[in-house]
Amino acid sequence: MNSETKKIQEFFLQYAIYIVLALLIVSIAVYDPRFLSVTTFRDILLQSSTRVIIALGAAFVLITGGVDLSTGRVVGLTAVLSASMLQVADYSRRFFPDMPDLPLWLPIVIAIAAGLVIGVINGVIVAKLSVPPFIATLGTMVIVYGVNSIYFDMKPNESQPIGGLRPDFTNLGSGAIGDGPYSIPYIVIFAAVIALIVWVVFNKTRLGKNMYAIGGNVNAAVVSGINVAANLILLYAIAGALYGTAGVLEAARTGGATNNYGNMYELDAIAACVVGGVSTTGGIGTVPGILAGVLIFGVINYGLTFIGINPYWQLIIKGLIIVVAVAFDIRKYLTKK
């Protein structure tokens, strides 16, 4: 193989995710040119915003070589928690009928803190009890869903969807700067700011370097003096806080919550990360790649619905993309090994 061919091959390998994203957009636009509109891309960004935050949280765990199956249930719990404390005073099925209106920030902080605590528990189980992440987070996934269902079933709510949310809360999810198709939704701004902060953590902090070191070779990380247990607990805690943030914003965006919110979100988050270049074997992953991975699934979900593709075919296409992405990742790992 000559050097020119090798350069072209390396270019396509390095930028494959962005090429796939561009091809998807072009293919859908060729089928229906109306797809190329400001409103379409605004809607895709709006729907992808909370998924971005969830995927970034999942990446903190994946890059260490772990996996977090509790993601979706933490999103559901924090959505229900925040929604239950932020209903209008005269709503007929108010979760806490006699509770005075709380400052907007307080229920949000409580919900995010709940996500953080669950993340700490996951981290302690993995780092201190040496339980494999898959099993540890599978257990907390079931426990969190059980706790959320008990809370959701409390009187007077008794498992009814939580609605009647305060306008100052729903404005966080549905409000925007400006009017019309060129307006910028607040929730997109929140996701962009969080992505920027996560990029700084990944690339400019000791925690980020430790995260990559642990995922690359945990034994080498221990020898080099990294406190693996403390770092793992902190990384799982950050992931939990991000899931909690996404749960709050999801409740604000949709104007309600049930205990089934977030169901299977963990698979979407893991899939977006893997498609975006986060290695399932740990040690590799970038924020731009994760954003592209989330956008690919956003374009697939929105675009294929836009051109009328059967939802069952959409599942098949998404499944094939995930399998191919993981197969490439494993091949790269085996080659390196």
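Tutor: UniProt positions are given here in the numbering used for this chain, and annotations may be inferred rather than shown by experiment. The model itself is predicted.

Student: Which residues does UniProt list for "transmembrane region"?

Tutor: The record is an unreviewed entry.

Student: How far apart do the end C-alpha atoms of residues 269–300 lie?

Tutor: The span is 66% helix and 0% strand. For residues 104–127, the span is 96% helix and 0% strand, with end C-alpha atoms 35 Å apart. For residues 269–300, the end C-alpha atoms lie apart by 15 Å.

Student: Which element gives the most to the lining of the second largest pocket?

Tutor: This pocket holds about 280 Å³ of space, and 19 residues line it, with Gln-47, Ser-48, Arg-51, Gly-298 and Asn-301 nearest its centre. Two or more lining residues come from each of α3 (38–62), α11 (228–254), α12 (265–275) and α13 (287–306). The lining divides into nine nonpolar, five polar and five charged residues. With six residues, the element that gives the most is α3.

Student: Is Asn-210 buried or exposed?

Tutor: Asn-210 sits in helix α9, residues 206–216. Leaving aside residues up to four places away in sequence, Asn-210 touches Ile-226 and Asn-231. Its relative accessibility is 11%, and buried means under 20%, so Asn-210 counts as buried.

Methods: Residues are numbered from 1 along each chain as its sequence is written. This is a predicted model: local features need pLDDT of at least 70, side-chain atom pairs count only at pLDDT 80 or more; totals for chains, interfaces and linings use all residues. Side-chain values use heavy atoms; hydrogens and water are left out. Helices (H or I, at least four residues) and strands (E, at least two) are DSSP runs, numbered from the N terminus. Buried means under 20% relative accessible area, exposed over 50%, partly exposed in between (1.4 Å probe, protein chains only). Contact means heavy atoms within 4.5 Å. On a 1 Å grid over the protein atoms alone, a cavity is a set of points where a 1.4 Å probe fits but cannot get out, and a pocket is an open set with protein on both sides within 12 Å along at least five of seven lines; lining residues have an atom within 4 Å of a point. Grid points are joined across faces, edges and corners, and a volume is the space filled by probe spheres set on the points. Ala, Val, Leu, Ile, Met, Phe, Trp, Tyr, Cys and Pro count as nonpolar, Asp, Glu, Lys and Arg as charged, and the others, Gly among them, as polar.
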